[in-house]
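Let's take a walk through this structure together, one piece at a time. Keep the picture open beside you and follow along as we go.

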Amino acid sequence: MRSPQFSSFVILIVLLVVFAVADGNFLSPLNISNMMAFLPELGIIALGMTLLLTAGEFDLSVGAVFGLAPVVVMLLVQNAGVDIGVALLAGLLLCIAIGAINGVIVTKIGISSFLVTLSMLLIVRGAALYITQGFPLKSWDQPGFFVTLLAGSFNVGAFRFYTSLWWFIGLSLFAVYVLRYAKLGNWISAIGSNRNAAVARGVPADAVKVWLFILTSVLAGLAGMISAFRISAASPVAGTGYELEVIAMVVVGGTALTGGRGTILGTIVGALMLRAIRNGIVLVGVPGLAYNIFVGVIILAMLILHALLQKSAARSW
Amino acid sequence: MQEVLRLQNLQKSFGSVRALKNASLTLREGEVVALLGDNGAGKSTLIKAISGVFPIDRGDIYVRGEKVSIRTTREAMDLGIETIHQDTSLAPDLSIARNLFLGREPVNLKWLGVFAPLDLAKLRDAASALLKRVGISKKLDADALVSTLSGGERQSIAISRAMQFAAKVIILDEPTNNLGVEETHGVLRFVKEMRAAGHSVLLITHNIHHVFEVADRIIVMRRGEIVAEQTVADTDLLSVESLITGADLSALMKRAQ
Ligand SMILES: Nc1ncnc2c1ncn2[C@@H]1O[C@H](COP(=O)(O)OP(=O)(O)O)[C@@H](O)[C@H]1O
Ligand SMILES: [Mg+2]
């Protein structure tokens, strides 16, 4: 019970109780629906980031990809008259290409993922700004298959949920399965824990990493599309700063920044926690400009807690 | 005895460093060969080339008389060459069982490829059976994380992993470094057991006493070349030491007397 995801879970419950007591509206159907609308968009990226971090790499370009993918899709539809399905496919290929470039440079040329994906962040964000000349685009708002698929909504009693929640749940289950029970998960953890040992056992470490970079990019693009469809707008600055928010979700959940130890359940808890904090501190009346102070303090407290737990666990052996 | 592994004129350079110049050697069934040499002599480079960590620049490798090319660690393993590298070969964040089967995981639904689910029951049972066989099951639980083990325990795990896949050739790169007395004896016992089971062992070590305890033959490397090859029965401590350093120690000793 000293596992990091468990302690994160306890803190999450405490936070939820504190916010619920402090403000009666926190657990109202409207507010919960609100939180659940935002949750999947960052949560989906966090799932990919968890696998990537477990393999010992990370990706700072996810926020920029979140912004670029919908912008490219919408430009193709609106300015080039491309069919929405084809445009979405093009967006998907773009995300695959960005992830593959990140992965190949990191693994084959051996530059740290921090530097490679930081550069990619600038390139991708710059591209989004340049091709839109900085102006947001109106997104696809005609009802249809793709909008329903990515941003449809439905009511459960007084709650209003988006289909993105299903995406998040489905992808979470898949990620839990992969990391815990599949052969691939064993490889991912081994690569992050000791890459040379994994390679010496015939594990194709570089290929696994490249695929994880691609997965993370694609999930960031998917999240961007979901968001753009939901709010009917594609902005070139959408997703700014998401990379750090996502990494915070992942490490708050207990995944080690140094690789080898990853937990999807922890990431889900981390995603819920950051969402609840951002939502809760507004309700309890923290001034808007002070949000980040609170968020930062809570993240830091969580990380200190994980570190202390790990230390005491190491001592007891 | 039958030849298991033959290396012919292996060459490997790292930039301008010629780590391996024309190295040739033969390993026969059921023998322990000690590979000796000073730091930087090229021992690790030689065994990394055999185990597929990096491709060789030039030269030929024969396994049981057949010419093979070893470009990846997977290819080496499939040829029956198991290596325990000098820098630890285990992933500390994984359990003992998961480490033992890393890269060769037992799975259900094999057609799912890398997404196939691990056969966790089989993984645990096979790991426990293996730990029992090598006599460390009393102390170790197959589900324990490797990060909780001592250096000697980790070395035992790495060695039992090499044994389990019944490799033809087992290569140990300085396996007794940083081990205590008892753990060192455990490793040497493993080496003897492996020979008894018919495996060929290539043992890299700096401890000449170990050489005389377990090895049948010695091969000495200096500056990327193999400079001597002798059976242990035909040599003694002093001449081995002089072969390693390149100085004629026994002549010096005689003069001193
Ligand atoms: N990956 C590498 N890159 C560059 N030089 C290397 C590399 N590996 C080994 N060398 C060099 O090759 C030579 C032989 O090293 P090594 O095989 O590790 O020696 P040993 O194991 O006998 O101590 C040394 O000069 C070493 O610096
Ligand atoms: Mg060495």
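In chain B, strand E1 (residues 3-14) and strand E4 (residues 58-63) run antiparallel and are joined by five bridges. Before going on, note that this is a predicted model, where local features need pLDDT of at least 70 and side-chain atom pairs count only at pLDDT 80 or more, while totals for chains, interfaces and linings use all residues. Residues are numbered from 1 along each chain as its sequence is written, chains are lettered from A and ligands numbered from 1 in the order in which they are written, and side-chain values use heavy atoms, with hydrogens and water left out.

Helices (H or I, at least four residues) and strands (E, at least two) are DSSP runs, numbered from the N terminus. Two strands count as paired if DSSP finds at least two bridges between them. Strands of a sheet pair through backbone hydrogen bonds, either parallel or antiparallel.

Look inside helix H1 (residues 43-50) of chain B and you'll find B:Ser44. Leaving out residues up to four places away in sequence, B:Ser44 touches B:Gln86, B:Asp173 and B:Ile204. With B:Asp173, the side chain of B:Ser44 makes a polar contact of 2.7 Å. A polar contact is a pair of N or O atoms within 3.5 Å; within protein, one must be able to donate a hydrogen and the other to accept it, and residues adjacent in sequence count only if both atoms are side-chain atoms.

Chain B also has an open sheet of six strands, in the order E6-E7-E8-E3-E9-E10, and its pairing is mixed. Its edge strands are strand E6 (81-84) and strand E10 (225-231) of chain B, each pairing on one side only. Here the twist averages 15° from one strand to the next. For a parallel pair, find strand E3 (residues 32-36) and strand E9 (residues 217-222) of chain B, which pair over four bridges. There, B:Val33 stands opposite B:Arg217 in E9(B). Helix H6 (residues 181-196) of chain B lies across E3, E7 and strand E8 (200-204), at about 165° to E7(B).

Over in chain A, strand E2 (residues 153-156) and strand E3 (residues 159-162) pair in the antiparallel sense over four bridges. They form a hairpin with two residues between them, and A:Gly157 in the turn has a positive phi of about 60°. A:Phe154 has A:Phe161 as its bridge partner in E3(A), and A:Asn155 stands opposite A:Arg160.

Chain A also has a salt bridge between the side chains of A:Glu41 and A:Arg230 (2.7 Å, N to O); the term means a side-chain nitrogen of Lys or Arg within 4 Å of a carboxyl oxygen of Asp or Glu. This pair links helix H2 (residues 29-54) and helix H10 (residues 205-231) of chain A, 189 residues apart.

Finally, how do the chains meet? The contact takes 28 residues from chain B and 25 residues from chain A. Together they bury about 2,300 Å², 57% of it on carbon and sulfur atoms; buried area is the accessible area (1.4 Å probe) that two parts lose on being put together, summed over both. Two salt bridges are counted between the chains, and B:Glu82 and A:Arg201 meet in a salt bridge through their side chains (2.9 Å, N to O).

Terms used
Axes fitted to C-alpha atoms, helices over the stretch in contact; angles between N-to-C directions. Contact = heavy atoms within 4.5 Å.
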